[in-house]
Amino acid sequence: VVHRDLKCANLMFVDKDPLKSAVKLIDFGNGAKLAKTETLRGNLSTCFAAAPEVLDQIFRGGGGYDEKVDIWSVGTIAYELFTGQRLFNVAKLSEMDRELRVFSTEQLCSKLASLPPDGVDFICKLLMRNPSKRPSATICLDHPFLRRPEKAGFPLPSLLRRRSELA
């Protein structure tokens, strides 16, 4: 299943205490089942989390896209959780398209240098402009950042407190 609209607003805590709660993904209204050889078309994502291939399809007549659009969106979520800011502060698809034309994963990684190295590596792998270079969801789940967040230096409790205070 491809969600096609992953963003922080579509993540919900099951319990009131975010430090003890499971997180659930909501709003599958734009979701689609996708066979391995199939691609999807059309924009169903929120502009600030739209993957480059979605915008290439819309603005430049590019081909379809696959589940890697969700990998990109998870990267934008991780960036937002780490920094407290959206990676792209845009309100329209055309603005996002302009931002993505100058976006560089390498520049992003250098901006994140003060964060834990495993977290930077995780985010930068998810935000590769070329979808074929992004890891699959299965490979993401094996990343040290997700397997051992405490060793990766991920300050999860403080980030969750900050996000819940903003809500």
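How do the residues of the lining of the second largest pocket divide into nonpolar, polar and charged? The model shown here is predicted, so local features need pLDDT of at least 70 and side-chain atom pairs count only at pLDDT 80 or more, while totals for chains, interfaces and linings use all residues. Residues are numbered from 1 along each chain as its sequence is written, and side-chain values use heavy atoms, with hydrogens and water left out.

**View 1. The whole chain, from strands to helices.** Welcome to the overview: the chain has eight helices and two strands, and its elements run β-β-α-α-α-α-α-α-α-α from the N terminus on. Helices (H or I, at least four residues) and strands (E, at least two) are DSSP runs, numbered from the N terminus. Of the 167 residues, 40% are buried, where buried means under 20% relative accessible area, exposed over 50% and partly exposed in between (1.4 Å probe, protein chains only). Among contacts (heavy atoms within 4.5 Å) with a separation of 6 or more, 63% join residues 24 or more positions apart. The chain exposes about 9500 Å², and carbon and sulfur atoms supply 54% of it; these areas come from the Shrake-Rupley method with a 1.4 Å probe, and for residues only the protein chains shown count as cover.

**View 2. The second largest pocket.** Here is the promised reply: the lining divides into seven nonpolar, four polar and three charged residues. In this count Ala, Val, Leu, Ile, Met, Phe, Trp, Tyr, Cys and Pro are nonpolar, Asp, Glu, Lys and Arg are charged, and the others, Gly among them, are polar. The pocket has a volume of about 230 Å³. Of its 14 lining residues, L87, F88, E99, F103 and K111 are the closest to the centre. Both α3 and α4 (105-111) give two or more residues to the lining, and the largest share, three residues, comes from α4. A pocket is an open set of points on a 1 Å grid over the protein atoms alone where a 1.4 Å probe fits, with protein on both sides within 12 Å along at least five of seven lines; lining residues have an atom within 4 Å of a point. Grid points are joined across faces, edges and corners, and the volume is the space filled by probe spheres set on the points.

**View 3. The largest nonpolar core.** Such a core is a set of buried Ala, Val, Leu, Ile, Met, Phe, Trp, Tyr and Cys residues joined through side-chain atoms within 4.5 Å. Of its 34 residues, F88, F103 and L108 touch the most other members. At least two residues each come from α1 (52-60), α2 (68-83), α3 (93-102) and α5 (117-126), and α2 supplies the largest share, six residues. Leaving out residues up to four places away in sequence, F103 touches W72, L87, F88, L108 and L127.

**View 4. Helix α1 and its partners.** The buried residues of α1 are P52, E53, V54, L55 and Q57, and they pack against α2 and α3. After α1 comes G61, with a positive phi near 65 degrees.

**View 5. N10 and D27.** N10 lies in the segment before β1 (11-13) and is buried, with a relative accessible area of 5%. Leaving aside neighbours within four places in sequence, N10 is in contact with H3, D5, K24, L25, I26 and D27. D27 sits in the loop between β2 (23-25) and α1 and, at 40% relative accessibility, counts as partly exposed.
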